[in-house]
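Visitor: I am new to this structure and would like to learn how to read it feature by feature. Could you take me through it slowly?

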Amino acid sequence: MQNIRNFCIIAHIDHGKSTLADRMLELTGTVEKRKMREQFLDKMDLERERGITIKMQPVRMKYSDYILNLIDTPGHIDFQYEVSRALLAVEGAILLVDATKGVQAQTLANLELARKHNLTVIPVVNKIDIADAKVEESAKELMELLNIEKKEILFVSGKTGEGVPQLLKTIVEKIPPPKSSGDKLQALIFDSFYSLHKGVIAHVRIFGGHISSNETTFLFHKKIEFKPLEVGIFSPEMSKTGFISSGEIGYIATNLKDPSLVRVGDTIGQESLPGYFEPQPVVWASIFPQSTDEFENLKSAFSKLRINDASLSFEVEGSKLFGRALRAGFLGMLHLDISVERIIREFGIEVIVAQPSVEYELIFTDGSTEKIKNAEMFSQSEKKVKEILEPWFSVFVLARSSDLSKVLDLIQKNKGEVLETKTISEDRLLLVSALPLRKIVTNFFDDLKSATQGYASMSYEFKENKPADIVKLNVFVAEDEIPQFAKLITKDEAEFESHRIVDRLYEILPRQLFALKIQAGLNGRILASRTLSAVGKNVTAKLYGGDRTRKMKLWKKQKEGKKRLQESAKVEIPHSVYLKIIKRD
């Protein structure tokens, strides 16, 4: 165990974690040069296409007489739960900063996580080979952030390999070896995925004892005994060893085919280890299969995806119009996009994603509470509502001093409050603010990037629930209320949203034989209204001869017929119209 070093790389998105990991794999001879490719540890095509790490990936490297267990982690805020789990499986972390961008918001968030777990942090400035790299400025920011001297910072280029040999040497010198909790088996499951032939494959860190493929073992929280089908290490592909012991990181093919039995955070062994906190979804969206026959396949796909992504949650919901769907919870909009894309690619299921929403808490006059995620659930609440609470998040924005006024305007526009302003360096500031989650998950990040020409970065975390003036916007077609079009919004958004949805329906609703009134409003008060004109029909086209009175009689008869039809007919809204309204843009 004295020759084992367990560590991960943490950084803001696109700061070069995967590229640095590539050079480590090369220098340690873990991957032959002829087999090397960019982002080697990023297994998914989706990761390479987008140039981001989505899933953490462990790998075992040999360096001199030492075993280095590296876990490469994602950098985007939506995947911070991945980072938090990786940090519990290691003793040290490389804090990587891009020399062209300096310290970013997620750098600060990841550093706080590493400190919380008492990890040894090695500060590293990356991309020093780039012409416009601000190496000295980035080093100064790290010195102030960590309260260290410049000589404690390493300078590397993940692309050329410059400085990486010194980094490997520093990892061995500074990161402490793992400690054993004893001879009894204690292994923490920090990740997992599903294999059709081997069942759930658990990624584990052994804290005490050992595990082999010849011995029956025990899932602590599920109280289930199982005999591993295979035990091994990541080098970087799964390599069967039959045995892993205290201090090591590896995998166990459980041969358990029920995905619900093996959960991230569970302990393998008779004595429990502290698990992970359960992540709380911040964005909810209804997901429908394109074909109703595919629902069971969609549910199965989400169950298997959740093994590989412990932050994903879902429940079954029903709709009279659309049939069964999944109400899925995500840690952000990118997490939603990636999860849906994985369902399509990995399981071949085409889906429809409804507009995402956040979770509100209803407090009733009798003191009871209920959490709702959509307008339909709001309508079903029969008790009298005393107060509605919505989630507010602390938002940390790191921006140039010259962009301060633009960022302040954006926060104010999104109903936020600035709590604190800190100076990070001569020309950069950290703004700590509070915003309602419904504003963060719409276009706040894109608007921030646009306002600051891409220089600002942000991270966020839950702060508190606060009272909100939430109302239900009702939509009417031909004076019939259409529950599927209802939305939960704030009162000050009501007029704008009413006009938006009425105009949208005016564009996509098919015209009828009579004029069609489209309306939206609150509590019986109409805020927006448009009338879709009737389909024109020339009833006098076949007439010939005679005077104008013959035409007038036919026009009058047509007018009376349309009036009767309007009073008695029920408008059949095509399924495609519902989809266009609820579907996420």
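**Reading buried charges and their partners**

Guide: Aspartate 191 and lysine 55 are both buried, where buried means under 20% relative accessible area, exposed means over 50%, and partly exposed lies in between (1.4 Å probe, protein chains only). This is a predicted model, in which local features need pLDDT of at least 70 and side-chain atom pairs count only at pLDDT 80 or more, while totals for chains, interfaces and linings use all residues. Residues are numbered from 1 along each chain as its sequence is written, and side-chain values use heavy atoms, with hydrogens and water left out.

Visitor: What do the side chains of aspartate 191 and lysine 55 meet in?

Guide: Side chains of opposite charge can pair when their charged atoms come close. Here the side chains of aspartate 191 and lysine 55 form a salt bridge, at 3.0 Å from N to O; the term stands for a side-chain nitrogen of Lys or Arg within 4 Å of a carboxyl oxygen of Asp or Glu. Aspartate 191 belongs to strand β7 (residues 186–195) and lysine 55 to the loop between α2 (45–50) and β2 (57–63), so the pair ties together parts that are 136 residues apart in sequence. Helices (H or I, at least four residues) and strands (E, at least two) are DSSP runs, numbered from the N terminus. Lys55 and Asp191 are also linked with Glu82 and Arg85 in a network of salt bridges.

Visitor: How many salt bridges does the count come to, and with which residue does arginine 428 form one?

Guide: The count comes to 34 salt bridges. Arginine 428 forms one with glutamate 141, their closest N and O atoms being 2.8 Å apart. Since arginine 428 lies in strand β25 and glutamate 141 in helix α5 (residues 135–146), the pair ties together parts that are 287 residues apart in sequence. Arginine 428 and glutamate 141 are both buried.

Visitor: Is aspartate 492 buried or exposed?

Guide: Aspartate 492 is exposed, with a relative accessible area of 51%. Aspartate 492 forms a salt bridge with lysine 415, with 3.1 Å between the closest N and O atoms, and lysine 415 counts as partly exposed at 41% relative accessibility.

Visitor: Which residues of α5 are buried?

Guide: They are Val135, Ser138, Ala139, Glu141, Leu142 and Leu146. Seen down the axis of α5, these buried residues fall within an arc of 160°, so they line one face of the helix; the arc is that of the directions from the helix axis to the C-beta atoms. The buried residues of α5 pack against several elements, including α4 (105–116), β5 (120–126) and β25, and contact here means heavy atoms within 4.5 Å.

Visitor: Where does threonine 73 lie, and what is in contact with it?

Guide: Threonine 73 lies in the loop between β3 (66–72) and α3 (80–87), and it is buried, with a relative accessible area of 0%. A polar atom of its side chain lies 2.6 Å from the backbone oxygen of isoleucine 9. Leaving aside neighbours within four places in sequence, threonine 73 has contacts that include Cys8, Lys17, Thr53 and Val83.

Visitor: In which strand does valine 432 lie?

Guide: Valine 432 lies in strand β25 (residues 428–436) and counts as buried, at 9% relative accessibility. Valine 432 and valine 397 are 35 residues apart in sequence, yet 6.5 Å apart in space, C-alpha to C-alpha.

Note on methods. Polar contact = N/O pair within 3.5 Å; in protein donor to acceptor, adjacent residues only side chain to side chain.
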